[in-house]
Amino acid sequence: MAEQQKVSSSESLRSTRTFGKVRCHNPSCMGRLSPSPGSKEISCPTCGMTYRLFWVTPELPRIRGPVWDVNRKLAQDTLAKKTGAPDGDSQ
């Protein structure tokens, strides 16, 4: 009989880690994003939010913050759709 290999909790969690990816900061989305190495921005294919990136190391990205122009336009379009106003003309 072969002995069963014992694995600690932290070792079992290591297999679920995603190195080099970031999560969308939109609370209703939270999708995983895989930026190309060295890129300055990334857009979520699910919700459309765009974020600025900072590279801690050449392999480790972090989200710096949102790209306000893109995300503001998304918010205006969503609000216009919900209120019935023409797209982008809610000002």
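The model is a predicted one. The chain holds two helices and five strands, and along the sequence they follow the pattern α-β-β-β-β-β-α. Of the 91 residues, 24% count as buried. Among contacts between residues at least 6 apart in sequence, 18% join residues at least 24 apart.

**The sheet**

- Strands E3, E4 and E5 form an open sheet in the order E3-E4-E5, with antiparallel pairing.
- Strand E3 (41–43) and strand E5 (60–66) are the edge strands, and each of them pairs on one side only.
- On average, neighbouring strands of this sheet are turned by 40° against each other, direction ignored.
- Strands of a sheet pair through backbone hydrogen bonds, and the pairing can be parallel or antiparallel.
- E3 and strand E4 (residues 50–57) run antiparallel and are joined by three bridges.
- Ser-43 has Thr-50 in E4 as its bridge partner.

**The nonpolar core**

- The largest nonpolar core has nine residues: Val-22, Cys-24, Leu-33, Ile-42, Cys-44, Tyr-51, Leu-53, Trp-55 and Ile-63.
- E4 gives the most to this core, with three residues.
- Leu-53 is one of the core residues. Not counting residues up to four places away in sequence, Leu-53 touches Pro-35, Ser-39, Lys-40, Glu-41, Ile-42, Arg-62, Ile-63 and Arg-64.

**His-25 and its contacts**

- His-25 lies in the loop between strand E1 (22–23) and strand E2 (32–33).
- Leaving aside neighbours within four places in sequence, His-25 is in contact with Tyr-51 and Ile-63. Both Tyr-51 and Ile-63 belong to the largest nonpolar core.
- His-25 and Tyr-51 are 26 residues apart in sequence, and their C-alpha atoms are 8.8 Å apart in space.

- Side chains of opposite charge can pair when their charged atoms come close.
- A search of the whole structure finds two salt bridges.
- One of them joins Asp-69 and Arg-72, with the closest N and O atoms 3.8 Å apart. Both residues lie in helix H2 (residues 68–83), three residues apart, which is about one turn of the helix.
- Asp-69 counts as exposed because its relative accessibility is 62%, and the cut-off for exposed is over 50%. Arg-72, at 45% relative accessibility, counts as partly exposed.
- The side chains of Asp-77 and Lys-73 also meet in a salt bridge, at 3.0 Å from N to O. Asp-77 and Lys-73 are four residues apart in helix H2, so about one helical turn separates them.
- Asp-77 counts as partly exposed at 23% relative accessibility, and Lys-73 counts as partly exposed at 41%.

- Asn-71 is found in helix H2.
- With a relative accessible area of 8%, Asn-71 is buried, as the cut-off for buried is under 20%.
- Leaving aside neighbours within four places in sequence, Asn-71 is in contact with Gly-48, Met-49, Thr-50 and Pro-66.
- Among these contacts of Asn-71 is Thr-50, the E4 bridge partner of Ser-43.

Definitions and conventions: Residues are numbered from 1 along each chain as its sequence is written. This is a predicted model: local features need pLDDT of at least 70, side-chain atom pairs count only at pLDDT 80 or more; totals for chains, interfaces and linings use all residues. Side-chain values use heavy atoms; hydrogens and water are left out. Two strands pair if DSSP finds at least two bridges between them. Axes are lines fitted to C-alpha atoms, for helices over the stretch in contact, and angles run from 0 to 180 degrees between N-to-C directions. A nonpolar core is a set of buried Ala, Val, Leu, Ile, Met, Phe, Trp, Tyr and Cys residues joined through side-chain atoms within 4.5 Å. Buried means under 20% relative accessible area, exposed over 50%, partly exposed in between (1.4 Å probe, protein chains only). Contact means heavy atoms within 4.5 Å. A salt bridge is a side-chain nitrogen of Lys or Arg within 4 Å of a carboxyl oxygen of Asp or Glu.
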